[in-house]
Amino acid sequence: MSEQTTDQLAQLIYESHLLEMNQIDQVLSSLGGRNIPVEQFEKALVQQEYLTNWQLTRLKEGNRRGYFFGNWKLLYLVGAGTFARVYRAVHKKTGDVKAVKVLRNRYADDETARDRFIQEARTVMDLRHPNIVPIHEVELERGRCYMVMDFVEGQNLRDYVRTQGKLKISAALDIARDLASGLDYAMKRGICHRDMKLSNVLLSSRGQAKLVDFGLAAVNAAEDDDADGSFGPRSVDYAGLEKLTNVRRNDQRSDIYFLGCMLYHMIAGAPPLYETRERIKRLSPKRFKEIAPITNYVPQIAHRVVILINRMMDLNPDSRIQNPSQAVIEIDGVINAIRSGDATIYDPALIQQHAEQYAKLMSMQDEGRNHSIMLVETNPKIQDAFREKLKEVGYRVLIMSSPLRAYERFANLDPAESIPADAVIIGCSQLGMAGVEAFNDFSTGQMTKKLPLILMLDSKQSHWESLVDTSAENHAVIHMPLKVKEVREHLRKMLNSPTT
């Protein structure tokens, strides 16, 4: 395009709806009128914050459209990928600043891609978690799909690692912990990520890691299930892993594997899987089997960190960390150990010992995982003992001092709400007969009679056992003094928890 005059640029700005004519005239008047060099006009527009450099560049190229999506005015480009571009944008009416992600022009006529983009975005619109960038809108306008997300001041993790090289282990672990927490939140709502990689993580200015592109890996990847074995470009890494390990698509352990790859990359400063654009090579089993030990890059790395990465990236999916919740627990364990001074250097001879310790720890925590226990007890020592010992094996513990309030938590429950606890333990050492009455209320109440119930009687209260009905398999009376282990055995039977 031939060089524009000041008048031509002013007219183009007006026709693009970026500025009203009175705003344009205001800038020109401040410069002494229209008879000024166009370069001076351009400089003033940017300096006075009427236009951004990105907008000005597009205008000089003759583009009249593409600056607005709904109520959002695009300010500048912040990132581009295979399927979409991301812009910083401002709301025309409120002035709110957000990120607007726009599906690329090449997919404007691809109805399948458009539908997937919209469907997947709407699927994750309800996710609200500190480690997930929320999506607020998704729309189709003039054949172009776009979504509106929070704008995160910072940079993506890929660029950060490129700049920093090897990250400090503590920083890498904190980031991995953030990501595992976000995955755990989404997974509990039935959503896998399926595109875990450094470029899909934003680091805020405060150092908090946030996942983007949740659920969008399915865009233009319908071929994943094709009989000819072809794969969509955004899920090819996952496809290669899942084909090798013989697991179904959307297995949550695949996200864990690639989270491990990200942790490896942050610490080593290099990716574990060699990078290539050739699909055949990306699908090759050799790519996953011939990964250099991280000790090649960090010889003095802490033993616990090596074990953690190896467990996340184990090619046997049954030996791998099984879900994001477990990943959070194991990452926290490594973080806490290192902070407390355990920086033992990696020693291959200790692998079996540590593997057994991990297996024991996770077996214990699996016992109570996803189960909550309500303890109705007024003795502080008993409260503390149960809270500590049951939490050690994965239970969530809710302490109640009042039997009446405990029962009301269930009796007044809206049928649409989830129950406050999966089992109730009532101690009578200080509650006395009120504890027995509470047990009978729970065992006969409409909302509570099917709950696992345990009544604890001290040595002087043994004769009260005849006052309660324990004919149901999930109702029991136990006598003091007792060990928490005995209570755990009853809970395992009642809740069908795994045996440790």
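A pocket here is an open set of points on a 1 Å grid over the protein atoms alone, with protein on both sides within 12 Å along at least five of seven lines, and its lining residues have an atom within 4 Å of a point. The model is predicted, so local features need pLDDT of at least 70 and side-chain atom pairs count only at pLDDT 80 or more, while totals for chains, interfaces and linings use all residues. Residues are numbered from 1 along each chain as its sequence is written, and side-chain values use heavy atoms, with hydrogens and water left out.

The largest pocket comes out at about 1800 Å³. It is lined by 50 residues, and those closest to its centre are Arg158, Lys197, Leu198, Ser199 and Asn200. By type, the lining splits into 23 nonpolar, 11 polar and 16 charged residues.

Turning to the rings, the whole structure holds 9 aromatic pairs (ring centres within 6.5 Å; planes under 30 degrees apart are stacked, over 60 edge-to-face, the rest tilted). One of them is tilted: Trp54 and Tyr87, at 5.3 Å centre to centre and 55° between the planes. Trp54 belongs to helix α4 (residues 53–60) and Tyr87 to strand β3 (residues 84–91), so this pair ties together parts 33 residues apart in sequence. Trp54 is buried at 18% relative accessible area (buried means under 20%, with a 1.4 Å probe and protein chains only), and Tyr87 is buried at 10%.

Tyr257 and Phe258 make an edge-to-face pair, because their planes stand at 80° with ring centres 5.2 Å apart.

Notes
On a 1 Å grid over the protein atoms alone, a cavity is a set of points where a 1.4 Å probe fits but cannot get out, and a pocket is an open set with protein on both sides within 12 Å along at least five of seven lines; lining residues have an atom within 4 Å of a point. Grid points are joined across faces, edges and corners, and a volume is the space filled by probe spheres set on the points. Ala, Val, Leu, Ile, Met, Phe, Trp, Tyr, Cys and Pro count as nonpolar, Asp, Glu, Lys and Arg as charged, and the others, Gly among them, as polar. Rings of Phe, Tyr and Trp (its six-membered ring) pair if their centres lie within 6.5 Å; planes under 30 degrees apart count as stacked, over 60 as edge-to-face and the rest as tilted. Helices (H or I, at least four residues) and strands (E, at least two) are DSSP runs, numbered from the N terminus. Buried means under 20% relative accessible area, exposed over 50%, partly exposed in between (1.4 Å probe, protein chains only).
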